[in-house]
Amino acid sequence: MSVGAAIILAAGEGTRMKSADPKVLHQLAGQTFLERVIRAVQGVDCQTISVVVRYQAECVGAEAQRVDQHVVLVEQDDIPGTGRAVQCALAELDRLQKLEGRILIAASDMPLLDSATLQALLDDHEQSHNAATVLTCMLEDPTGYGRIIRDSDGHVLRIVEQKDANSSELAVREVNTSVYVFEAHVLQQAVASLDDDNAQGEFYLTDALEHAKAYGNVGAFTAPDALAVQGVNDRVQLAHLAKAHNMRVCEYWMRQGVTILDPETTWIEDDVKLEHDVTILPGSFLQGHTTVAHHAIVGPYTTLIDATVGAEAHVERSRVQETQLGERANIGPWTYLRPGNVLAADTKAGAFVEMKKAHIDQGTKVPHLSYIGDAHLGEHTNIGGGSITANYDGVRKHHTEIGAGVHLGAGTMMVAPVTIGNRVTGGAGAVIRHDVADGATVYSENTQHEVQK
């Protein structure tokens, strides 16, 4: 079945979000609403995807093209309404290609819309030989949605927006999801007949369904999963939807062999990958493209962002971002691993340790209260508590190189750029400003003074 084009409506401001950002750029589970809808549309056989923009058109358009560089951007003019948005999109698409087959239309504020739901809609449209088909769902509380009004035989008569509905129409629980399929020629004729004779003074796309009746049957397909088609108008709705989606994500991973002690306090974004026998403890957030290997333990109260956690590693009460952790690495508690770290197998970053762009070789330990940045530490080295690689001179960052088998005492200050050789032993409180040869002992001369009262 041919889908000649898809039109994604992303022109609105979303005032009820009370945000300086367009609603479609808010996120759910690590992706913007707009990205999630574009991904859903990409999953069906569609020749062209267009996105209609207006409010903060530049940044909304940039996000659309980040997701799909081939997307066609269409800017809506001053005339308001979803019907006008489709008129603008059709004019641009007709200029670029011969419009034929089906036209899929979707709002961009349904962050859980998926390809399976869209494909089911398209299949029903084809099998029913409809001129147009609207995707609907049943809601216990339909407040804010347009109501689907059917005749006694169940055929769609019209869609009534809430502000235009009477008391009996407001009681209807079947609602419009703002997702439609039209035959291309039907849509072109139907939107050409729209007007703004309604409470909002807007060109409603829903009115196009009534005009479509002149060309054939107008059908309705009820989404099998109501969660997939729920829209977001404010932050309360976003929180409810995000929570419901996250519970499904947690349930999925538990059925794949992951132990999640408390799904209510565990948040896992969609692009996270977990292997069997991973344990996620309460209060943990797994974000971005994080991967966790088998038998690793994450948490409690840990945040992983684009992190790679090796098998049997343990990350406790820590924040780890864009960092690779090897097998059996032991991190935390209260450790902050900033981007660019690579910790090999059997390494340790202990309590209140901070690292950035640190490469830590196998078996090396940075036990507690230290900062290691822009540094490489060789195998089986031990850094005493409270040690610092002073990597910034006020203008540039500099590198610290520490060899294998090194043992540095507590409170060591390494002033980069500096190289410390293999098997070096350092005294507590040493300030190392110059390179140290292999096998040497290094310490700083400090005189203790005591003044009697």
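**Figure 1. Surroundings of H368 in the predicted model.** Leaving aside neighbours within four places in sequence, H368 is in contact (heavy atoms within 4.5 Å) with G350, A351, V353, G385 and G386. The residue lies in the loop between β29 (365–366) and β30 (371–377), where strands are DSSP runs of E with at least two residues, helices are runs of H or I with at least four residues, and both are numbered from the N terminus. H368 has 36% relative accessibility and therefore counts as partly exposed, a class that falls between buried, under 20% relative accessible area, and exposed, over 50%, with a 1.4 Å probe and protein chains only. The UniProt annotation "active site", taken from an unreviewed entry, covers H368; UniProt positions are given in the numbering used here, feature names are shortened, and annotations may be inferred rather than shown by experiment. The model is predicted, so that local features need pLDDT of at least 70 and side-chain atom pairs count only at pLDDT 80 or more, whereas totals for chains, interfaces and linings use all residues. Residues are numbered from 1 along each chain as its sequence is written, and side-chain values use heavy atoms, with hydrogens and water left out.

Figure 2. The peptide bond from G299 to P300 is cis, with omega near 5 degrees, and P300 is found in the loop between β18 (297–298) and β19 (303–305). A cis peptide bond also joins G332 and P333, here with omega about 0 degrees, and P333 has its place in the loop between β24 (330–331) and β25 (336–337).

Figure 3. K357, a residue other than glycine, has a positive phi near 50 degrees and is found in strand β28, which covers residues 354–360. With a relative accessibility of 47%, K357 counts as partly exposed. For D374, likewise a residue other than glycine, phi is positive and near 50 degrees, and D374 lies in strand β30. The relative accessible area of D374 is 11%, and the residue is therefore buried.

Figure 4. S115 is found in helix α4, which is made up of residues 115–128, and counts as partly exposed because its relative accessibility is 22%. Although S115 and V41 are 74 residues apart in sequence, their C-alpha atoms are 6.2 Å apart in space. Leaving aside neighbours within four places in sequence, S115 is in contact with R39, A40, G43 and V44.

**Figure 5. The protein chain from which the close-up views are taken.** The secondary structure of the protein chain comes to eight helices and 39 strands, and its C-alpha atoms fill a box of roughly 95 × 50 × 45 Å along the principal axes. The radius of gyration is 30 Å, whereas a compact globule of 453 residues would have a value near 22 Å; the radius is taken over C-alpha atoms, and the globule rule is 2.2 Å times the number of residues to the power 0.38. Of the 453 residues, 51% count as buried, and residues 24 or more positions apart account for 41% of the contacts with a separation of 6 or more.
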